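Welcome, and thank you for taking a look.

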Amino acid sequence: MTKQVTLSINGISVTVPDGTLIADAAKMVGIDIPVFCHHPKLEPVGMCRMCLVEVGRPMLDRATGQVVIENGQPKIQFMPKLETACTNRVSEGMVVMTTTDKAKDGQKGTVEFLLTSHPLDCPVCDKGGECPLQNLTMAFGPSQGRFIYDEKLHFEKQVPLGELIWLDRERCIQCARCIRFQDEVAGEAVLGFDERGRNTQIVSLSDPGFDSVFSGNTTDICPVGALTTADFRFGARAWELKAQASICTQCPVGCNTTLNTRREAKAGGDVVIKRVMPRQNEEVNEIWLCDKGRFTYHYTESKKRLVKPLVRKDEKLARASWDAATKFAAENFSKAKKDFVILASGRLANEDLFNLKSLADTAGGTAILYSDMGGGDVTAIVGVGQGTNIGKMGKGDAILVVASDLYEEAPIWWMRVKQAADRGATLIVANPRQTKLDKFAKYVIRYAYGDEAKTINDFGKKSKISDEFAKAKNALVFYGNEGLGLNGSSGLASACGELLKETDHVGKPNNGLVGVWQRVNDQGAWEVGFAPESDLEKALKGKVVYIVGADPVGDDPALAKALKGAKFVAVQDILESATTEIADVVFPAQAYTEREGTFTSGERRVQRFYAAVPAKGDAKPDFAITSQIAKQMGVILEGSSVSVVFDILANSLEAYTDLSYSKLAEVHGQWPIVGRGDLYYGGTTYENTLGLGVQLAPLSQTGKTVHIPKVRKEAALRPKEKELLAVPVNKLYDRGVTVNPAQLLNGRVGEATVTLHPSTAKNLGFEAGAVVKISFEGVNAEVVLKLDDTISAGVALVPRSMGIAIREPVVAKVK
Amino acid sequence: MGVFDPVIELGRGLLETLRSFWREPTVTTQYPEQKREVRPRYRGRHVLKRYENGLEKCIGCSLCAAACHADAIFVEASENTDEKRFSPGQRYASTYEINMLRCIYCGFCEDACPTEAIVLGDNYELSFTDRRQAIYTKDFLLESVPDANQLTPRKVDVGIYLRSVPEMKDPTD
């Protein structure tokens, strides 16, 4: 344990770990020292001078080195001038005074200086109402400035720093929080200072501007209105917004968010979401949120939302009542017997999936997870131990990332893994091509696509890297599905599981396996008993299919063909899609913003989300629709209370035993303190008051002996001459239905591409940027050619969800 | 107390009536033919003011709505462009509504306004026959312009109207 130091702040005795900054120590006992540039998640710089305080230290006798005692007390020697509380670290016996006249004078002077060129356009500023500069000026500033108004420095009003973020240089106080965030936390130094003195201004150093997926966070920690988001631009004033806790549904990290809502005339008098803000959970997303999570909520308000049940009559879908629609579906489901198939995706909540699984079991059907990644059974056994927190990993620990580009698939994990590496953890990245994580890795392992499981098996054998991994205090493995289909990723998961088991990195906090899933609740789907099917076409053809939260027709022409050959198709979703077009009956479901539920994250943390806006039209929550259909089939499933569904789930699934909605809503104190009245300290991130969630214990932590399921090996595809091996890779901003409606992000989605090695492209006679034709099983598409010299020759990278159906590696031709 | 006391009292009262009958001037105003003058600081129905060039003073900052303790005002803002300009600066009120059933004419909105856009005028003739009519919209509240060229939104020269809040010569005024 670190050494503890006792000091006195404003006469209050404080004991904190050695090395704590005075500003943080004061915060711990509830004393507010005003700060602008200081942020508890960033390194101290002392740029704004706002935190001036009087600091005294015990006087030492020069000869003996002993503390001088005067009147029985140590003699305190104060510095002649004020010191900054954000750069000075505490020391034993220190005396700090934050509210003396001298300190107040210093703080007042600093505010006056900071305001010399501030435009004071708070009425039109998006930060107005939650602005640290406003608040601190009121609390610590002078009532009047002595500088001449006409001498204010004027810049052109707001300019876009990228398409997502606006910069107002007049408002900027040069605290460099944004620059430091990008350098230290995000690891992408795309912002910098330009010019000097009074002309100092923030500039973007990247092309396109502000090229980072974490850019939204800078608007949270900006202590003035210099950085604001384009999405929320003039959207509402901060005090008009209501806040509701939610969970981001864009990736398996499960970031805690707050949805800010407001009733709007523009939206026809509806209550709408105005912005998504991070909500503190130090074990999941800390106080951050990636841009995808921040800006993609628009799909829940899309014009394509389904609002009424539809039933096919005379070849056309017509509106019907809930009773008629559910009865129609129930009749067909009942008749189907063993031909009944439920195809659901990980976009659904645990409760929805549980009801669906119960229905499938009772009706004798099969429940299939719509996913091309396997291994959820392995993560249930050797998943991360209860109490895992990547934020606490550092020196002596190891993290292995295999077959996943975390930056594109789960940005917050990428950031936290990168920070663990910064703290000294051994980061090992195994990927066939260069990814953004390589820069922070101690070891990089390259392998050929198709050799993933073999690489991990070989890794287990003696080598310098595997030694370091085996001897690490704690070790995590992230595995993904880059270049892999269902079988490949299942094999990889098993190999990773074996590796962790052999090196005894299971069943403990900060140890275990994490699946980098495609959807938010894929892990939860595995937990309730869903599993993907390798031959999906065969599983759907000629069957009675109940599709929930998925668009197989739009995703893959092969599946479209299979579903056209199905006996009956019922679709339950929030948006119109190609699948709803071919459906016999369509049920409108509520989006996650309109209802309550829980998700299980990739780190197997069960977290609650809450209803923020009213439901659209007649939409109902998925679990209730399933229950209504089940009732017509004579199966009783809970359909009115989501918490009761969860209680039943907790009773029937061992991993969820003892969990309940009230337990998931529990919170405990977190450091740093954010989201209260003191926005200047941590930024506008919301405080977590509605639940930190509970991490499930993997089977290996329950003391039972565990066996990792074996996966049948498949021979790797070897393309012939003139053929290429097309492999799927994942992209953050893709053309998925949940990203598309966010118009702001459209510019970052880009064209559908195929990436080749320069030599392969040269052999084919193409240059970068050329439009080429790629063809494989049932796919013929025109795509833009990109080159990457870190991949091997003979491989073609095809991004998923960009309009080209690719579920697993295939042999392809590029012309 | 005599028997005739009530009669005497009645007579005295009637005498006062008779006196007033001949006394000039009368206090009754023949409303609506005649309208009563209001005091200079009278607080009547709100008006959204314009600058002399016709641009709207309101910048959609919502401070009036924040100051309003009857919660009568609702504002929504949008972005100005030089092609389609409503007010100076980047922001204008795309929706501005006052619920006159809620308004208590306290004038806090006037005090809160950073551009002196909303002013309580001298119009006291408010009547509605249903609740919806009581919600006065921006079109209704906005001052009229003498010249059709001064209507908003309108196209303006680029780069002139950059600032939302006018620089006040004497901020204590």
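Let us begin with two terms: two strands pair if DSSP finds at least two bridges between them, and the elements themselves are DSSP runs, with helices (H or I) of at least four residues and strands (E) of at least two, numbered from the N terminus. With that in hand, look at Tyr546(A), whose bridge partner in E27(A) is Ala570(A). The pair belongs to a parallel pairing, where strand E26 (residues 544-548) of chain A and strand E27 (residues 568-573) of chain A are linked over 5 bridges.

A word on what you are viewing: this is a predicted model, in which local features need pLDDT of at least 70, side-chain atom pairs count only at pLDDT 80 or more, and totals for chains, interfaces and linings use all residues. Residues are numbered from 1 along each chain as its sequence is written, while chains are lettered from A and ligands numbered from 1 in the order in which they are written. The model scores ipTM 0.88 and pTM 0.94. For chain B, the mean pLDDT (the predictor's confidence in each residue, from 0 to 100) is 90, and 96% of the residues of chain B reach 70 or more.

In chain A, 7 strands make an open sheet, in the order E18-E17-E28-E27-E26-E19-E20, with mixed pairing. At its edges stand strand E18 (316-319) and strand E20 (366-369) of chain A; each has a single partner strand, so one side of each has no neighbour in the sheet. On average, neighbouring strands here are turned by 20° against each other, direction ignored. Strands of a sheet pair through backbone hydrogen bonds, either parallel or antiparallel.

Another open sheet of chain A has 3 strands, in the order E9-E10-E13, and its pairing is antiparallel. Strand E10 (residues 165-167) of chain A joins E13(A) over 3 bridges in the antiparallel sense, and Ile165(A) has Thr229(A) as its bridge partner in E13(A).

Strand E8 (residues 95-97) of chain A is joined antiparallel to E3(A) by 3 bridges, with Val55(A) opposite Val96(A). Strand E6 (residues 76-78) of chain A is also antiparallel to E3(A), through 3 bridges, and here Pro58(A) stands opposite Ile76(A).

Helices come next. Helix H8 (residues 350-363) and helix H20 (residues 622-632), both of chain A, pack at about 20° with their axes 8 Å apart; axes are lines fitted to C-alpha atoms, for helices over the stretch in contact, and angles run from 0 to 180 degrees between N-to-C directions. That makes H8(A) roughly parallel to H20(A), a label for angles under 35 degrees. Among the residues that meet are Leu356(A) and Leu359(A) in H8(A), and Phe623(A) and Ala630(A) in H20(A).

Finally, the two chains touch: the contact (C-beta atoms, placed from the backbone, within 7 Å) takes 14 residues from chain A and 18 residues from chain B.

How values were computed. Angles under 35 degrees count as roughly parallel, over 145 as roughly antiparallel, 65 to 115 as roughly perpendicular and the rest as oblique.
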